[in-house]
Each structure stands twice: as structure tokens, then as C-alpha cells.
Amino acid sequence: MKAMVCTKYGKPDVLQLKEVEKPAPKEHEILVKIHATTVTSGDCRVRSFNSPLLLWLPMRLVLGLRKPRKPILGVELAGEVVEVGKNVTQFKKGDQLFAMTGMKFGGYAEYICLSEKGTMTIKPENITYEEAASISFGGTTALHFFRKGRIQAGQKVLIYGASGAVGTAAVQLASYYGAEVTGVCSAENSELVKSLGADHVINYKNEDFTKRKERYDLIFDAVGKLTKNDCKEALALNGRFVSVEGQGIAKVQTEDLFFLKKLMEEGQIKSVIDRRYSLEQVPAAHEYVETGRKIGNVVVTLKN
């Protein structure tokens with residue numbers, strides 16, 4: 001099968017399209033034909049090995065010393081089950097599903113084997129493979145940090161970086177939970193963020209939200225550029241600050257995918273897709289994601 005392989009740590013050109021052995025499912029595994037995956041900022045960090053100095057050695061031990069131990073990157077995908085192991089009971093051939101692979105990666109390929117007990121569920125019929133593949137990372141990350149921040153209906157919630165993969169999901173989820181949502185983004189993306197459910201939008205280029213009189217019960221930094229100290233003047237009494245930066249990997253629960261599936265089926269949440277690339281164009285997709293200008297998600301569509 002074809003796969004985009006990360007041959008070593010470095011710039012996007014270390015990603016090379018190669019022919020690799022097609023996997024065969026074990027007793028409790030399913031073989032999935034991948035129709036769509038994504039390029040996330042996390043994928044770019046792994047490929048470039050962009051790690052804080054203190055975490056350099058621990059992360060190399062986890063990911064691989066000289067090159068990624070799991071050289072086929074990609075942490076979320078959607079596809080069709082084409083083969084099942086002899087002891088699989090939860091899925092059958094022909095099932096359309098979406099999944100998260102986490103630190104096992106493997107999305108940049110035509111096929112992948114997944115444990116039937118992995119983080120995945122059946123794809124909603126009313127959305128495409130691309131939409132299903134690109135809701136998992138942002139949606140589950142937002143849910144994790146909203147649990148951590150104890151989001152509640154009626155709260156004033158500010159989402160910094162509201163137009164990214166995590167931010168677009170967070171705006172919709174905060175609105176669903178009944179919060180009064182303020183999104184911080186660029187002027188170009190303000191209408192999008194409003195359309196996703198934000199009650200107020202602040203253009204970060206023109207205004208510093210911490211200098212306003214408004215106080216927020218929860219501030220969620222969805223891009224990892226703020227500290228709690230930066231935001232202390234904007235927090236209400238007993239207000240909480242959560243950030244994707246330096247807080248560890250978001251804990252992903254299969255139940256979160258079930259929940260996202262339900263919301264997508266009901267039209268309560270949608271995936272925001274910026275650009276689409278082919279498997280062969282993954283290096284270019286990495287270059288674009290690293291500009292920091294992507295809106296929502298960058299999808300890789302496999303036509304196999």
C-alpha cells in the first residue's frame with residue numbers, strides 16, 4: 001500500500017511517499033480502508049520534533065531517538081472496514097467509521113489495522129468521510145478541557161484561538177452547553193466564529209481582551225499562547241483558565257466520539273474544513289499548517 005512516511009525529524013520534505021506492506025488484522029483487529037485523515041499542528045510538532053528543552057529527552061524516548069518510531073503519522077481518520085479478525089464482534093465488513101489513533105498514529109496511509117476496542121465509532125450517515133475525520137481531534141480536545149474547566153450553562157466563556165481546529169469545535173460545544181461565548185480570532189475569521197455560535201468576537205490584532213472590563217468564568221486558550229498570569233485580570237472571581245499548552249495530552253474517551261457523533265447527527269456541531277490535500281500532497285499540507293493561518297481543519301483525502 002502507499003503511505004506517507006516520516007523518514008527522520010525535520011522539515012516537511014522528510015515526509016516521503018513509499019510503498020509499504022499492507023497490514024493484516026489480528027484476532028481482535030479490523031482492517032480499515034482510509035478515506036480521509038488530517039494534518040494537525042500536533043503532527044507537525046512530531047515531524048519537526050518541536051519540543052521544549054526540558055522535554056527533549058523524554059519525548060525522544062517516547063517518539064523515537066533518531067526518527068519517529070511510528071513513522072506513518074496522522075492521528076484521526078475515517079474509512080471503511082474491509083476485513084475483520086476472527087474474534088471481532090463489534091464491527092463488520094462494510095461498516096463506515098471514524099477513529100482516533102493517538103500516539104499509535106498511522107493515518108497517512110491507504111489502510112490501517114485498529115483494535116476493535118480502540119477509540120472509534122460508526123460514522124454518521126449525514127456527514128462525509130472528510131467531515132468525520134476532522135471532528136475527532138478538535139472535538140475531543142475541547143471536551144477534555146471543558147471538563148477540566150467545569151463548564152456550565154450561563155457562564156461567560158472566552159475561547160482564545162477560536163478559528164483553529166480545537167477552537168471551532170470549542171465555540172460550538174460551549175454554545176451547546178449554554179454558555180455566553182466570546183471568541184478571540186482575526187477579523188477575517190470573525191463571521192465564521194459568529195456562525196459557529198459565538199455571541200461576541202474580539203479581533204486580537206486590534207484589542208487586548210484582558211484590558212476590557214468583561215470578566216470570564218472560563219478562559220480556554222485553544223492554541224497554547226497564553227498563561228494564567230496573562231489572563232488574571234480578565235478572570236471572574238473563582239474563574240478558571242485552561243490551555244492546550246503544557247497541560248499534557250488531552251485524555252480521549254470513546255464516549256466523547258459517541259457524543260460528537262450524536263451532535264453531528266442532530267446538526268448541533270459541524271466540522272470546519274479549510275483545505276483539502278491528496279496523500280501525495282501531505283508535505284505541502286504540513287507547510288500550510290505550520291504557517292499558523294489555517295482555519296479549522298486541513299484534510300487529506302485518499303482516493304483509493
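Reply: Tyr-160 stands opposite Asp-221 in strand 11. The model is predicted: local features need pLDDT of at least 70, side-chain atom pairs count only at pLDDT 80 or more, and totals for chains, interfaces and linings use all residues. Residues are numbered from 1 along each chain as its sequence is written, and side-chain values use heavy atoms, without hydrogens and water.

Strand 8 (residues 156-160) and strand 11 run parallel, joined by 4 bridges. Strands are DSSP runs of E, at least two residues; helices are runs of H or I, at least four; both are numbered from the N terminus. Two strands pair if DSSP finds at least two bridges between them.

Strand 11 also pairs with strand 12 (residues 235-243), again in the parallel sense, over 5 bridges. There, Tyr-216 stands opposite Leu-235.

Buried means under 20% relative accessible area, exposed over 50%, partly exposed in between (1.4 Å probe, protein chains only).

Now the packing. The largest nonpolar core has 43 residues. Such a core is a set of buried Ala, Val, Leu, Ile, Met, Phe, Trp, Tyr and Cys residues joined through side-chain atoms within 4.5 Å. Ile-30, Val-39, Leu-97 and Tyr-108 have the most contacts inside it. Strand 3 gives this core the most, 5 residues. A second, separate core has 40 residues, including Ala-170, Val-171, Cys-185 and Met-264.
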